[in-house]
Amino acid sequence: MPEEMETVVQAEPLKDFCTRVFVEMGVPPDDAAVTADVLVAANLRGIDSHGVARLKRYVDGLRNGMMMARPNVEIVHETPCTALMDGGGGLGQPVGVRGMKLAIEKAQRMGVGFVAVRNSNHYGIAGYYSMMALEHEMIGISMTNAAVLVVPTFGRDAVLGTNPLSVAAPAGQERPFVLDMATSVVTRGKLEEYDRKGKPLPLTWATDERGIPTSDAARVLKNLLARAGGGILPLGGAREADGGHKGYGLALLVDILCGVLPGAGYATTIYPKTPEGKPLPANVGHFFGAIRVDAFRSLEEFKATMDDIIRILKNSPKAEGAERIYIHGEKEFEEEERRRRGGIPLHPKTMAMMRQVAAELGVEYDLL
């Protein structure tokens, strides 16, 4: 759909609206505000596939009992450097923030801190949590497993999630390095975005029920919902010659740290259903890490060296026709600055969905 048909909304009213929706669903105000902040942060950084377009997904999860509005979150096991948390089946964003804060606290005391979480749900963009460490001038790590969407190398059916991971590292005068990536070629949210806009998929993104590349986003999404075969390709694509086995290996690594390690769901055991097809608690797992730089070397020396490596890359010769070499996170920081000034563009279908949610819950819809 043409860009001019998008509606521009300011971040704070959008965040306030989402917060009120979650409160209306029974989520405690603090947890509601955190969840809304993570969603709007995705939109601000230009990651619209993981922003407020997903609001109805959370509302539906709270309605059908797959997500608990007031979960019993607890620390199951703890050492000076590590912890295992149980998310109580609640929203992934509040337990994600709590888990990352705990990793940072442990790193402040011990130099490093790692927290694994089980029994959680979708937590939004991975970079939100890794970037929390930047506020303390630490290196942050965040990853999560996810619903079955990705076909392994040489496979026909989806077995793994898009399993994103993020690492953030502070710099001095330069912007921080923020890697925030799925271990698949794209995320389901990107397929949903293409489906909403009626755009054909690149043939390197996904396969149909036969394992053949397809440009039909609706077909891929329908097959994934029905577990009918096919799915999203791992980073690198379908073949070993293109490096697809490397993306497959990264996805499996995330599933080991987020699923196997904490005792969460993994591979096809995540997002289970009853024999009748009713959704059960998703049992999504997360993994968070924080590293205090001065546990290795002087923070100022590290930041100066970060500036140097960033400048070496940015000032290296450009390919013909290229104007600029970017560092990971740089585009998102710049997009956030633009959208904080000029507002967040939202697709008409996203606006319609939010109006519907507001009407159903009796929440005032005051974004325009």
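## First stop: a loop residue

Select valine 159: leaving aside residues up to four places away in sequence, it touches Val148, Val150, Pro152, Ala267 and Thr268. Touching, or contact, means heavy atoms within 4.5 Å. Before you click on, a word on what you have loaded: this is a predicted model, in which local features need pLDDT of at least 70 and side-chain atom pairs count only at pLDDT 80 or more, while totals for chains, interfaces and linings use all residues. Residues are numbered from 1 along each chain as its sequence is written, and side-chain values use heavy atoms, with hydrogens and water left out.

Now pick threonine 268 as well. Along the sequence, valine 159 and threonine 268 are 109 residues apart, yet in space their C-alpha atoms are 5.7 Å apart. Where does valine 159 sit? Its place is in the loop between β5 and β6. Strands and helices here are DSSP runs numbered from the N terminus (helices are H or I, at least four residues; strands are E, at least two). Valine 159 is partly exposed, because its relative accessible area is 31%; buried means under 20%, exposed over 50%, and partly exposed in between (1.4 Å probe, protein chains only).

## Next: strand β5

Select residues 138–144, which make up β5; 7 of its 7 residues are buried.

Which strands does β5 pair with? One is β10 (284–292), antiparallel over 7 bridges, and another is β6 (165–169), also antiparallel, joined by 4 bridges. Two strands count as paired if DSSP finds at least two bridges between them. Strands of a sheet pair through backbone hydrogen bonds, either parallel or antiparallel.

Zoom in on isoleucine 141. It stands opposite glycine 289 in β10, and its bridge partner in β6 is valine 167. Then click glycine 140, which faces alanine 290 in β10.

## Zoom out: the sheet

You get an open sheet of 7 strands in the order β2-β3-β4-β10-β5-β6-β7, with mixed pairing. At the edges are β2 (74–78) and β7 (177–181), each pairing on one side only. From one strand to the next, the twist averages 15°.

Angles here are taken between N-to-C directions, from 0 to 180 degrees, with axes fitted to C-alpha atoms (for helices, over the stretch in contact).

## Two helices together

Jump to α1 (11–24) and α2 (29–44). They pack at about 140°, with their axes 8 Å apart, so they are oblique to each other. The rule is that under 35 degrees is roughly parallel, over 145 roughly antiparallel, 65 to 115 roughly perpendicular, and the rest oblique. Select the contact: it includes Leu14, Cys18 and Phe22 of α1 and Ala32, Ala36 and Leu39 of α2.

## Last stop: α6

Select residues 188–197, helix α6, where Gly189, Leu191, Glu193, Tyr194 and Arg196 are buried. Among what covers the buried residues of α6 are α7 (217–226), β9 (231–232) and α11 (348–361). Finish on glycine 198, which follows α6 and has a positive phi, near 65°.
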